[in-house]
Amino acid sequence: MLNLVLFGPPGAGKGTQSNLLIDKYNLVHLSTGDILRGEIAAGTALGLEAKTLMDKGDLVPDKIVIGMISSKLDNNPTANGFIFDGFPRTAAQATALDTLLSGKGTAISAMLSLKVEDAELIKRLLERGKESGRADDKNESIIANRINEYNNKTAPLKEFYAAQNKLSEIEGVGSITDIAQKLNTVIDSL
Ligand code: B4P
């Protein structure tokens, strides 16, 4: 199985690149951000709890997102592999993911980490916010909080995967097709 963690700060292009990779490699796309926004749109109790945190740019509790990923893995028993987009975001999530995958006789193949500077992230997210209607994209101080959450809780996961020899860092600035090409080169070498 090909199981990829697509990693990077908010606005790095994880969702954008995932959409290209799922078609090319026939993978199931698991975006915790998209799943949570689906819960919000459906007005579930989980969605209501998540919305308050997401609108402020805070992370949603580990227990919620780990449970969501666990059931998505169970629901896709014949998948060729998965792209984890925006998950894991904390050490507890990374450990839980390894345990879930090893229970299914598989593992993460690689972490692909997109590098983009803060000023570019802010520019992209404010631009998306004009049309997306996402509360967390509209306001620079909320975006700053998301970047802060990433730096404090998420960025250290690079070490977790580097220790397993699974980390590849890719420049995330440039055209979407050029970045996709760089990701393809890394994946094809796995
Ligand atoms: P996500 O939905 O994961 O939001 P994101 O990080 O902003 O998305 P992404 O990084 O994929 O955006 P993309 O670059 O594609 O999370 C939102 C919130 O959900 C979190 O803040 C948190 O509250 C919660 N959450 C989600 N997962 C969680 C977890 N595991 N644990 C706890 N909480 C969790 O797109 C950005 C923009 O850049 C787009 O407009 C795109 O068109 C543009 N873009 C992309 N590539 C470009 C390029 N090369 N050049 C120019 N623009 C580009």
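Leu 112 finds its bridge partner in strand 5, at Ser 168. The structure is a predicted model, in which local features need pLDDT of at least 70 and side-chain atom pairs count only at pLDDT 80 or more, while totals for chains, interfaces and linings use all residues. Residues are numbered from 1 along each chain as its sequence is written, and side-chain values use heavy atoms, with hydrogens and water left out.

Strand 4 (residues 110–115) runs parallel to strand 5, and five bridges join the two. Strands here are DSSP runs of E with at least two residues, helices are runs of H or I with at least four, and both are numbered from the N terminus. Two strands pair if DSSP finds at least two bridges between them. Five strands form an open sheet with parallel pairing, in the order 2-3-1-4-5. At its edges lie strand 2 (28–31) and strand 5 (167–171), each pairing on one side only.

Helix 10 (residues 176–188) lies across strand 1 (2–7), strand 4 and strand 5, and runs at about 160° to strand 5. Angles run from 0 to 180 degrees between N-to-C directions, and axes are lines fitted to C-alpha atoms, for helices over the stretch in contact.

Helix 2 (residues 32–42) packs against helix 4 (residues 62–75) at an angle of about 100°, their axes 11 Å apart. The two helices are therefore roughly perpendicular to each other, a term for angles of 65 to 115 degrees. From helix 2, Thr 32, Ile 35 and Leu 36 meet Ile 64, Val 65, Met 68, Ile 69 and Lys 72 of helix 4, where contact means heavy atoms within 4.5 Å.

Key: Parallel < 35°, antiparallel > 145°, perpendicular 65-115°, else oblique.
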